[in-house]
Amino acid sequence: MHTGKIIIETERLILREMVADDAPGMLELHSNPEVQKYTGEDVITSTKEIHTKIKEFQTRDADRGYGRWVTVLKDGNQFVGWAGLAYLAEFDEIDIGYRFLPQYWGLGIATEASRAILAYAFDTLKLERIIAIAMKEHQGSIKVMKKVGMEFEKFAPYEVGSKDAAWYWCDKALLAKSAQNL
């Protein structure tokens, strides 16, 4: 049993702090070319690299009260990926992101996790605005952004020299308005 502190629970999921014992699941996730296809990141193939990635996730935004959290199914404590918030200093924005193993795509896990993260961001952390960025070709991710009530903001590069990505945003008022329209 992993010992990471639980941050958020939903009907089916637990989002918790990442620990070193998450390395096998994280390596399976980050070594999968299909998972990494729209991330702009290379696949990770070594345990050493994945431990570096875990340390980065553990420390990156910890002082801000958020981060990227391991996501597991409550039923069986099965690792499915990660989801959470990250501060993007180059844009002075807070980003919601998620990455899941392909066998869990299409099951509503990204939507369920994202809704819970946004509620946590606005209700617990009292954040004012959250963005999400996806490559234009990554329609699955964009579909999740729309489903959780985010609105399209612009097409713009995410990294220097990169192609334009789709930028979405939301705040607490927009989410409340979106929820009323369901």
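Visitor: Where is aspartate 95 found?
Guide: Aspartate 95 sits in strand β5. Strands here are DSSP runs of E, at least two residues, numbered from the N terminus.

Visitor: What kind of model is this?
Guide: It is a predicted model, with residues numbered from 1 along each chain as its sequence is written. Local features need pLDDT of at least 70, side-chain atom pairs count only at pLDDT 80 or more, totals for chains, interfaces and linings use all residues, and side-chain values use heavy atoms, with hydrogens and water left out.

Visitor: Back to aspartate 95. Buried or exposed?
Guide: Aspartate 95 is buried, at a relative accessible area of 6%. Buried means under 20% relative accessible area, exposed over 50%, partly exposed in between (1.4 Å probe, protein chains only).

Visitor: Which side chain does the aspartate 95 side chain join in a polar contact?
Guide: That of arginine 68, at 2.9 Å. A polar contact is a pair of N or O atoms within 3.5 Å; within protein, one must be able to donate a hydrogen and the other to accept it, and residues adjacent in sequence count only if both atoms are side-chain atoms.

Visitor: What else is aspartate 95 in contact with, beyond four places in sequence?
Guide: Besides Arg68, the list has Gly84, Leu85, Ala86 and Leu88, then Ile130, Ile131, Ala132 and Ile133. Contact means heavy atoms within 4.5 Å.

Visitor: Now arginine 68. Which strand is it in?
Guide: Arginine 68 belongs to strand β3.

Visitor: And why does arginine 68 count as buried?
Guide: Because its relative accessibility is 11%.

Visitor: Which backbone oxygen does the arginine 68 side chain reach?
Guide: The backbone oxygen of glycine 84, at 2.8 Å. So much for one partner. The side chain of aspartate 95 is another, at 2.9 Å.

Visitor: Where does leucine 73 lie?
Guide: Leucine 73 is in β3 too, a strand that covers residues 68–73.

Visitor: What does leucine 73 touch, again leaving out residues up to four places away?
Guide: Arg12 and Leu13, plus Gln78, Val80, Tyr104 and Ile109.

Visitor: How many bridges join β6 to β8?
Guide: Six, and the two strands run antiparallel. Strands pair if DSSP finds at least two bridges between them.

Visitor: Which residue in β8 stands opposite alanine 132?
Guide: Tyrosine 168. For isoleucine 131, the bridge partner in β8 is tryptophan 169. Both Ile131 and Ala132 are also in contact with aspartate 95.

Visitor: How many residues of β8 are buried?
Guide: Five of its seven, so β8 is mostly covered.

Visitor: How does strand β7 run relative to β8?
Guide: Antiparallel. β7 spans residues 151–157, and six bridges join it to β8.

Visitor: Which residue in β8 stands opposite phenylalanine 155?
Guide: Alanine 166.

Definitions and conventions
Helices (H or I, at least four residues) and strands (E, at least two) are DSSP runs, numbered from the N terminus.
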